[in-house]
Every structure is written in C-alpha cells, then in structure tokens.
Amino acid sequence: MIILLGWTGLAALFVRATQRTAAGTAPQAAPFLGGGTPDAHAWQRYHFRPYTMTLVFIAFEMEMMFMYPWAVVFVSEGIKALAEMGMFLAILSVGILYGWREGVFRWQ
C-alpha cells in the first residue's frame, strides 16, 4: 500500500514539474470559435426531442419485463398479485399519459 502511494505521489510530482504554464493573454486563452463569440450556450441550441419517446419506451419495457414473472406468481398468490399488478400498471400509465399529452404518438 505504501509503495502504491509513493508511486502515485512521485507521478504527481513529475506531472507538476513538467507541466507548462499558460502565459497568454485573455484572447489567446479563449477557445477558438471561428473568430466570434458564441451568441447562445451550447445547451440552448439543441432540444432533446426523443426524451418523451424514451419515457414511453421505458414504461412499456418495464411493463413487459415485470409481467412475465408476475404471471408465474399470480398462480400461487391470486388476488393479491392482481391488485399489486394493477397498482404497477396505474403508475406506468401516468408516464404513458404524459407521453400522449406531449404528442409522442402523433406521426410527423
């Protein structure tokens, strides 16, 4: 353990000793953007539209993933398992209704 810490410290000292310092002015230190400054932040230029479709996919995928084992348990548990699956599907339907409200199911 001490050898590992020693090598890590030695590597850190080596990097610190061989590191160059930035000796430029503010315009030289700015990132190259083709000669101009950005008008908007990078996150404002892109809208992540597949988000709602991904939500709906996950809702359907979770439903199918848990319905197969539930079918096996339903035989032994009966009405209790039916009530639990009803609650689970109700929670997932909230995500599906949100996707419907956002227009995921409309063809464009």
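Figure 1. The protein has five helices and zero strands, and its elements run α-α-α-α-α from the N terminus on. Helices (H or I, at least four residues) and strands (E, at least two) are DSSP runs, numbered from the N terminus. This is a predicted model, in which local features need pLDDT of at least 70 and side-chain atom pairs count only at pLDDT 80 or more, while totals for chains, interfaces and linings use all residues. Residues are numbered from 1 along each chain as its sequence is written, and side-chain values use heavy atoms, with hydrogens and water left out.

**Figure 2. Helix α1 (residues 2-18).** The end C-alpha atoms of α1 are 24 Å apart, in agreement with the 24 Å that its 17 residues should span at 1.5 Å a residue. The expected span of a helix is 1.5 Å times one less than its number of residues. Of the 17 residues of α1, the number buried is zero, so α1 lies largely in the open.

**Figure 3. The packing of helices α4 and α5.** Two packed helices are described by the angle between their axes and the distance between the axes. The axes of α4 (residues 50-77) and α5 (residues 79-102) come within 10 Å and cross at roughly 170°. Axes are lines fitted to C-alpha atoms, for helices over the stretch in contact, and angles run from 0 to 180 degrees between N-to-C directions. The two helices, α4 and α5, are therefore roughly antiparallel to each other (angles over 145 degrees; under 35 is roughly parallel, 65 to 115 roughly perpendicular and the rest oblique). The residues of the contact of α4 with α5 divide into 18 nonpolar, three polar and four charged. Ala, Val, Leu, Ile, Met, Phe, Trp, Tyr, Cys and Pro count as nonpolar, Asp, Glu, Lys and Arg as charged, and the others, Gly among them, as polar.

**Figure 4. Helix α5 and the residue after it.** From its first C-alpha to its last, α5 reaches 35 Å over 24 residues, close to the 34 Å expected at 1.5 Å a residue. A81, M85, L92, I96 and G99 are buried in α5, and what covers the buried residues of α5 includes α4. G103 follows α5 and has a positive phi, near 90°.

Figure 5. V56 is buried, with a relative accessible area of 3%. Not counting residues up to four places away in sequence, V56 touches G95, G99, V104 and F105, where contact means heavy atoms within 4.5 Å.

**Figure 6. Aromatic pairs.** Rings of Phe, Tyr and Trp (its six-membered ring) pair if their centres lie within 6.5 Å; planes under 30 degrees apart count as stacked, over 60 as edge-to-face and the rest as tilted. By this rule the count comes to two aromatic pairs. F66 and F88 form an edge-to-face pair, 5.4 Å centre to centre with 80° between the planes. This pair links distant parts of the chain, F66 in α4 and F88 in α5, 22 residues apart. F66 is partly exposed at 37% relative accessible area, and F88 is partly exposed at 24%. W70 and F74 form a tilted pair, 5.1 Å centre to centre with 35° between the planes. Because W70 and F74 are four residues apart in α4, they are separated by about one helical turn.

Terms used: Buried means under 20% relative accessible area, exposed over 50%, partly exposed in between (1.4 Å probe, protein chains only).
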